[in-house]
Amino acid sequence: MKLHQLRALDAVARLGGIRAAAREMGLTQPALTKALRELEEANHLKLLVRGHRGASLTDAGTRLVIHGRAIFRELEAAQIEMLQMAGDKGGHVSFGISPMLGQVIIPEAYRAFRTRFPNVRLRMHEAFTRETIAWVADGTIDFAVVLLLGSEASANITTQPWFDVDHKVVGRLGHPLGQRATFEDLHAQEWLITNASGGGQFDLLTRLCAENGMALPERIIEIPSLNLLQTMLLQTDAVAISPILTRAPSDDKVQIIECDAVHGLRRQFGLIRKADSQLGAAAEAMRDEVFRLSHRIMQDLKAHDAKGAFRSDG
């Protein structure tokens, strides 16, 4: 199995035919056909179905294209890292980050990163944990710093816990429940969560209800957008479970609703990356900045009471 054969198969998969793939790769159709035939012979499997309307992948061909694209990304990453080690500050870094954490630390992390790598292309994904895992696994992003659900580890994924964050039930300033309520009163409210299928806030809410002998609230609104969830929180009487992360200008818009039955809401954030690959120099630099600023935030919180600003994340 050779690299040019994998590239030929990938081109056919993307373009839907031998002629277009050969044109893109600068090859004759017989040369491309030969590369594909040799790839099928080497694997003892039929990878393409050829027809009047072009060529389509078999199941085996689809799987091989997925593996091939992972190989292309790893090769590109290796080439970029070698260039960076040789003094070239170009290349690209792609990473995912919790929306809540990203709002707080990314601007400063970006400025520090740019002083060292002024020409590196950056792609930042504001994402929740479950979708981020898939992106890390297939190489779409270099790493992610998100809420750890405890189910991320696999053959090609590794996690590194970084810090714990306390969570509280919050509502808008002046919420009808005031600053303290019974769990029964909280349970009767409309709840905002970012993912109603599990993880993050949903798991915390499920645990709270189970500990208090109650089913999940009847009124749950799923909003997989941090900005929209914050807008709903500030302009309605709905409540949410929110991390206490840092002080911010929105302190005067959101209040904690204390409840004796709500305690021990702590979740772990950390790093997710591929287990079988190394980060390039630029990706390592961004990871280190995110780590440094995250831990600075947690140290700052220890020096203050638990008022902070609130961000919702899942």
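Predicted model: local features only at pLDDT ≥ 70, side-chain atom pairs only at ≥ 80, totals over all residues.
**View 1. Thr-58 sits in a loop between a strand and a helix.** The strand on one side is S2 (54–57), and the helix on the other is H4 (59–85). Is Thr-58 buried or exposed? With a relative accessible area of 16%, Thr-58 counts as buried, because the cut-off is under 20%. Look for a polar atom of the Thr-58 side chain: the backbone oxygen of Lys-46 lies 2.7 Å from that atom. Leaving out residues up to four places away in sequence, Thr-58 touches Lys-46, Leu-47, Leu-48 and Val-49.

**View 2. Helix H1 packs against helix H3.** H1 covers residues 3–15 and H3 covers residues 29–43. Their axes are 9 Å apart and meet at an angle of about 110°, so the two helices are roughly perpendicular to each other. On the H1 side, the contact includes His-4, Leu-6 and Val-12, while H3 brings in Leu-32, Glu-38 and Leu-39, among others. Sort the residues of this contact and you get eight nonpolar, two polar and one charged.

**View 3. Here is the largest nonpolar core, with 31 residues.** Ile-97, Leu-101, Phe-113, Phe-143 and Val-145 touch the most other members. Among the elements giving two or more residues are strand S3 (92–97), helix H5 (99–116) and strand S5 (143–147). Which element gives the most? That's H10, with nine residues. Apart from this core lies another one, of 18 residues, including Ala-8, Val-12, Leu-47 and Leu-48.

**View 4. This one zooms in on Phe-143 and its contacts.** Skipping neighbours within four places in sequence, Phe-143 is in contact with residues including Phe-95, Val-136, Leu-271, Ala-283 and Met-286.

How values were computed:
Residues numbered from 1 in each chain as written. Heavy atoms only, no water. Helix = DSSP H or I, 4+ residues; strand = E, 2+ residues; numbered from the N terminus. Buried < 20%, exposed > 50% of the residue type's maximum accessible area, 1.4 Å probe, protein only. Polar contact = N/O pair within 3.5 Å; in protein donor to acceptor, adjacent residues only side chain to side chain. Contact = heavy atoms within 4.5 Å. Axes fitted to C-alpha atoms, helices over the stretch in contact; angles between N-to-C directions. Parallel < 35°, antiparallel > 145°, perpendicular 65-115°, else oblique. Nonpolar A, V, L, I, M, F, W, Y, C, P; charged D, E, K, R; others polar. Core = buried A, V, L, I, M, F, W, Y, C linked by side-chain atoms within 4.5 Å.
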